[in-house]
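Here's a quick briefing on the model below.

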Amino acid sequence: MAPPRSFQAIRVVFLTILTIFVALPIFVMITSSLKPLKDVTGQFRWIPSGLTIRPYIDIWKTVPLAHYFSNSLIVAGSATICSVVIAIFAAYAVSRYNFRGKRVFTVSVLSTQMFPGILFLLPLFILFVNVGNATGIPLFGSRLGLIITYLTFSLPFAIWMLIGYFDSVPKELDEAAMVDGCGPLGALFRVVVPAAIPGIVAVAVYAFMTAWGEVLFASVLTNDETRTLAIGLQNYSTLNDVYWNQVMAASLVVSVPVVAGFLLLQKYLVTGLTAGAVK
């Protein structure tokens with residue numbers, strides 16, 4: 001039965017307001033990134049008087065944006081790969097085997113999401129400095145330290161989500177694979193992992209987005225050489241001026257990988273989140 005016309009009218013009005021609310025900031029960002037700096041800092045105009053692509057050229061010269069871009073790609077990509085690989089093995093073990101402490105492990109993994117990340121900032125800082133002094137492994141101010149830091153946030157969620165997704169894959173598939181001669185690892189990679197692609201993609205997207213846009217830990221645990229995009233954008237602000245047009249242009253450029261990845265993998269992401277949330 002079709003909904004009443006009054007409901008349809010209210011829905012149209014609500015969606016229109018929501019669209020305007022979301023689209024206006026994006027419109028301002030795009031137009032500001034195409035304006036000369038004097039127009040951005042002057043009186044605001046909805047319709048720019050003149051457009052230029054110069055800010056998109058200058059963003060690579062004003063700050064070493066390409067270097068920050070590579071740092072973010074390496075850190076976010078490494079954290080994503082490590083989270084997915086470790087979570088697959090951990091979730092498969094919890095989903096398919098019974099062992100002592102299984103419930104404690106599952107509850108512990110989930111309980112880590114209860115605490116705000118800022119509580120781990122000082123302990124991680126002290127730990128990285130002491131480990132570096134004792135072993136010579138440079139964790140503080142390095143990409144490796146930042147990757148380990150991001151694993152502490154993405155890995156528990158990835159394990160918990162994949163446990164729910166692997167539970168939805170029938171165990172009879174594992175048994176059939178083992179009858180055909182596969183071992184536990186063969187059943188995992190030849191049967192379970194292909195069936196769990198949507199959940200794995202959802203975990204990968206979450207891990208990448210978490211690492212790509214993180215600011216707090218990157219601002220403390222990095223230096224000029226290992227600085228990521230989220231921190232590097234601050235360098236467009238100097239003692240004398242703030243290059244607002246370049247800030248808007250750089251913000252749009254650095255958001256392209258995440259937006260493109262989300263649009264390409266949206267189908268798998270929605271399916272994986274839904275399947276992982278309901279057992």
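The side chain of T222 reaches the backbone oxygen of A218 at 2.3 Å. Keep in mind that this is a predicted model, where local features need pLDDT of at least 70 and side-chain atom pairs count only at pLDDT 80 or more, while totals for chains, interfaces and linings use all residues. Residues are numbered from 1 along each chain as its sequence is written, and side-chain values use heavy atoms, with hydrogens and water left out.

**Around T222**
- T222 sits in the loop between α11 and α12; helices here are DSSP runs of H or I with at least four residues, numbered from the N terminus.
- With a relative accessible area of 12%, T222 is buried (under 20%; exposed means over 50%, partly exposed in between, with a 1.4 Å probe and protein chains only).
- Not counting residues up to four places away in sequence, T222 touches G141, L146 and R227; contact means heavy atoms within 4.5 Å.

**Around S83**
- S83 belongs to helix α4 (residues 65–96), and its relative accessible area of 0% makes it buried.
- A polar atom of the S83 side chain lies 2.8 Å from the backbone oxygen of A79.
- Leaving aside neighbours within four places in sequence, S83 is in contact with L151, S154, L155, A158 and A207.

**Nonpolar cores**
- The largest nonpolar core has 33 residues, and I59, L65, Y150, W212, L229 and Y236 have the most contacts inside it; such a core is a set of buried Ala, Val, Leu, Ile, Met, Phe, Trp, Tyr and Cys residues joined through side-chain atoms within 4.5 Å.
- At least two residues of this core come from each of α4, α6 (121–135), α7 (143–167), α10 (197–212), α11 (216–221), α12 (229–232) and α13 (244–264).
- The top contributor is α13, with seven residues.
- Leaving aside neighbours within four places in sequence, Y236 has contacts that include I59, L65, Y243 and V247.
- There's also a second, separate core of 27 residues, with L162, F166, A177 and I200 among them.

**Nonpolar surface**
- F14, L15, L18, F21, V22, I26 and I30 make up a nonpolar patch on the surface, with about 700 Å² of accessible area together.
- For such a patch, residues need over 30% relative accessible area and no salt bridge, and nonpolar side chains (Val, Leu, Ile, Met, Phe, Trp, Tyr) are joined within 5 Å.
- F21, one of the patch residues, is in helix α1 (residues 5–33) and counts as exposed because its relative accessibility is 64%.

Technical notes
Patches are made of residues with over 30% relative accessible area and no salt bridge: like charges are joined within 9 Å, nonpolar side chains (Val, Leu, Ile, Met, Phe, Trp, Tyr) within 5 Å. Accessible areas come from the Shrake-Rupley method with a 1.4 Å probe; for residues, only the protein chains shown count as cover. A salt bridge is a side-chain nitrogen of Lys or Arg within 4 Å of a carboxyl oxygen of Asp or Glu. A polar contact is a pair of N or O atoms within 3.5 Å; within protein, one must be able to donate a hydrogen and the other to accept it, and residues adjacent in sequence count only if both atoms are side-chain atoms.
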